[in-house]
Amino acid sequence: MASDRRAGRGRPQLPRGWRRLLARLPIALYRVGLGPLFGGRLLLLHHVGRSTGLDRRVVLEVVAHDRERGSWTLASGFGPKSAWYQNLRRTPTTTIQVGNRRHRVTAQFLSEDEGGEVMARYAPRHPRTARRLCAFMGFDVDGSVESYRDAGRRIPFVRLDSSPGRG
């Protein structure tokens, strides 16, 4: 199993217990108006449960932000089976909150090659985080741009493009 994780065939388990509470703490901070604490590094994604139709929320790291285009790129570290990722597949138009600003967005699911390029650009800007992220997901990287590009091809990436008007 550990060798499967290192080869990138396994995905990390979703957090449970106190780790889940800790992972969900940023949602509570957004709810009480403290979203600006995260700057542009984290955003609050609203998504519709594909089975329940209920409003769901998750705070995710922004891998890339294009101010000119009005887009934010996210990685699904738990793979394509993540609830938020599957929910966006079903209902790609939604709302995000960055700081105290809300944006209406539409999800665009990136190809493997596009994901590789995103990771190849991200890693030199955030070398420690990229190394830890890849290790967490079970990908061996040697620090080269090509190894990050290869890892990025196996990570599901989503670009959220601004829709006209705000959410």
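Modeller: Tyr-85 has 7% relative accessibility, so it counts as buried (under 20% relative accessible area; exposed is over 50%, partly exposed in between, with a 1.4 Å probe and protein chains only). Tyr-85 and Phe-109 form an edge-to-face aromatic pair, 5.2 Å centre to centre with 85° between the planes. Rings of Phe, Tyr and Trp (its six-membered ring) pair if their centres lie within 6.5 Å; planes under 30 degrees apart are stacked, over 60 edge-to-face, the rest tilted. This pair links distant parts of the chain, 24 residues apart: Tyr-85 is in helix 3 (residues 83-90) and Phe-109 in strand 6 (residues 101-109). Helices (H or I, at least four residues) and strands (E, at least two) are DSSP runs numbered from the N terminus.

Phe-109 is partly exposed, at 23% relative accessibility. The charged end of Arg-89 sits over the Phe-109 ring, 4.0 Å from its centre. That requires CZ of Arg, or NZ of Lys, within 6 Å of the ring centre and within 35 degrees of the ring normal.

The whole structure holds four aromatic pairs. In one, the rings of Trp-84 and Tyr-85 have centres 6.0 Å apart and planes at 85°, so this pair is edge-to-face. Trp-84 is buried at 8% relative accessibility. Trp-84, Tyr-85 and Phe-109 form one aromatic cluster.

The model is predicted: local features need pLDDT of at least 70, side-chain atom pairs count only at pLDDT 80 or more, and totals for chains, interfaces and linings use all residues. Residues are numbered from 1 along each chain as its sequence is written, and side-chain values use heavy atoms, leaving out hydrogens and water.
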